[in-house]
Amino acid sequence: MIPRLAPIAFALATLLAPHAAAAQAATAAPGSDDALPEVTPSDGAIFLRADRIEGTADRSVEAAGKVELRTRRATVLADWLRYDFVSDEIWGKGDVLIRHGVDWITGPEVRFERRTETGFFTSPR
């Protein structure tokens, strides 16, 4: 791994580890009558890369400088970005671009809720 990215990868793994543990604890044991949780489009891994990343494990993560947030279905690029774990909301500022498959939209600011796939751009282009 590139030395510059090692602290960022460690920080992100540290921030997301409690959520992975909680998700594993929420699944039913084999043979039990408990139903498994419903999978929503926003479930799955989130990859975050930036010049600076900080946050709290149970609330949110904030990134600045060449931010790239990737999921299985979408990519968000921005100068500054905040991802709220609780509301599953992305708030990006700067030169923001959202790519979803072959579709994309760009603007100076975005708020987007991943669970419902709704949100808004200021001055979209």
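F85 is buried in this predicted model, with a relative accessible area of 14%. Let's follow Y83 from here, and then turn to the tryptophans.

**Around Y83**
- Y83 is itself buried, at a relative accessible area of 5%.
- The side chain of Y83 also makes a polar contact with the side chain of R114, at 3.1 Å.
- R114 sits in the loop between strand 6 (103-113) and strand 7 (118-122), and with 8% relative accessibility R114 counts as buried.

**The nonpolar core**
- The largest nonpolar core has 18 residues, and Y83 is one of those that touch the most other members, along with L48, L69, V76 and L81.
- Strand 3 (60-70), strand 4 (74-84) and strand 5 (89-100) are the elements giving two or more residues to this core.
- Leaving aside residues up to four places away in sequence, L81 touches a list that includes L48, V61, V67, L69, V76, I90 and W91.

**Tryptophans and their neighbours**
- How many aromatic pairs does a search of the whole structure find? There are two.
- One of them joins W80 and W91 edge-to-face, at 5.1 Å centre to centre and 85° between the planes.
- Because W80 belongs to strand 4 and W91 to strand 5, this pair ties together parts that are 11 residues apart in sequence.
- W80 counts as buried, at 18% relative accessibility.
- K93 lies over the face of W80, 5.6 Å from the ring centre, while R111 lies over the face of W91, 4.0 Å from the ring centre.

Conventions: Residues numbered from 1 in each chain as written. Predicted model: local features only at pLDDT ≥ 70, side-chain atom pairs only at ≥ 80, totals over all residues. Heavy atoms only, no water. Helix = DSSP H or I, 4+ residues; strand = E, 2+ residues; numbered from the N terminus. Buried < 20%, exposed > 50% of the residue type's maximum accessible area, 1.4 Å probe, protein only. Polar contact = N/O pair within 3.5 Å; in protein donor to acceptor, adjacent residues only side chain to side chain. Core = buried A, V, L, I, M, F, W, Y, C linked by side-chain atoms within 4.5 Å. Contact = heavy atoms within 4.5 Å. Phe/Tyr/Trp six-rings, centres within 6.5 Å; stacked < 30°, edge-to-face > 60°. Lys NZ or Arg CZ within 6 Å of the ring centre and 35° of its normal.
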